[in-house]
Amino acid sequence: MTMMRELTLIGIRMESPNRAPVMMLRETEGYRYLPISIGSVEATAIAYEEQGLRPSRPLTHDLMRDLIQAFGVHIEAVEIVELRDAVFFAELVLANGTRVSARPSDSVALAVRLGTPIRCTEQVLREAGVATPEEEQAELERFRQFLDSVAPEDFSS
C-alpha cells in the first residue's frame, strides 16, 4: 500500500523569468511544499475558484464538476501518484474504486470546485517536495499576502 499525504492548495504564483504559473501545494501534516508548473488556463481556473469569481459562461472545470454531479458520481480524492521525467501524474479516485488518470492541474482545479481532498504519494513528495526552514516563514507570509491580492486577469496572456 502506497503511503499518501494530504495536501492543501496554497495558491498559484508566477515564476520568473518567463512568469510561468506554478501551483503551490503544502503538506497539511508536515513541512514540505510541492510546486508544480501548470498552464495559464488551469492557473486561471484555479484562481477564479479560489477568489469566488463566476464567469458568465462555465469554464471547462465547471463543466466537469456539473457533469460529475449530474451523473451522481462522487470523487473521493485527487491523488498525485507519480513523477516521471519531470512530469507529474495524478488520478481521480471515484467512490466505486475506479481511478481516472488526469493532469494534476486539472485534478486540483476540479478538487477546489468539489471540496475533494488532495493527496500525494510519499515517494513524489520525497522526489519533488521542498522543505521550508523556519527562517523562510516570513517569505511565505509575504507570498500568502501576494496570493490574497492577485487577480485571475494577471494570468492572462
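Helix α2 passes helix α3 in a right-handed crossing, where right-handed means that the near helix is turned clockwise from the far one by less than a right angle. This is a predicted model, in which local features need pLDDT of at least 70 and side-chain atom pairs count only at pLDDT 80 or more, while totals for chains, interfaces and linings use all residues. Residues are numbered from 1 along each chain as its sequence is written, and side-chain values use heavy atoms, with hydrogens and water left out.

**α2 and α3**
- The axes of α2 (residues 60-70) and α3 come within 9 Å and cross at roughly 60°, the axes being lines fitted to C-alpha atoms over the stretch in contact, with angles from 0 to 180 degrees between N-to-C directions.
- The two helices are therefore oblique to each other, a class left over once angles under 35 degrees (roughly parallel), over 145 (roughly antiparallel) and 65 to 115 (roughly perpendicular) are assigned.
- H61, D62, M64, R65, I68 and Q69 of α2 meet D106, A109, L110, R113 and L114 of α3, contact being heavy atoms within 4.5 Å.

**α1 and α3**
- Helix α1 (residues 40-50) packs against α3 (residues 104-114) at an angle of about 15°, with the axes 9 Å apart, which makes α1 roughly parallel to α3.
- α1 passes α3 in a left-handed crossing, and the contact involves E42, A45, I46 and E49 of α1 with S105, D106, V108, A109, V112 and R113 of α3.

**Charge over a ring**
- The charged end of R84 sits over the ring of F89, 4.3 Å from its centre, under a rule that requires CZ of Arg within 6 Å of the ring centre and within 35 degrees of the ring normal.

How values were computed:
Helix = DSSP H or I, 4+ residues; strand = E, 2+ residues; numbered from the N terminus.
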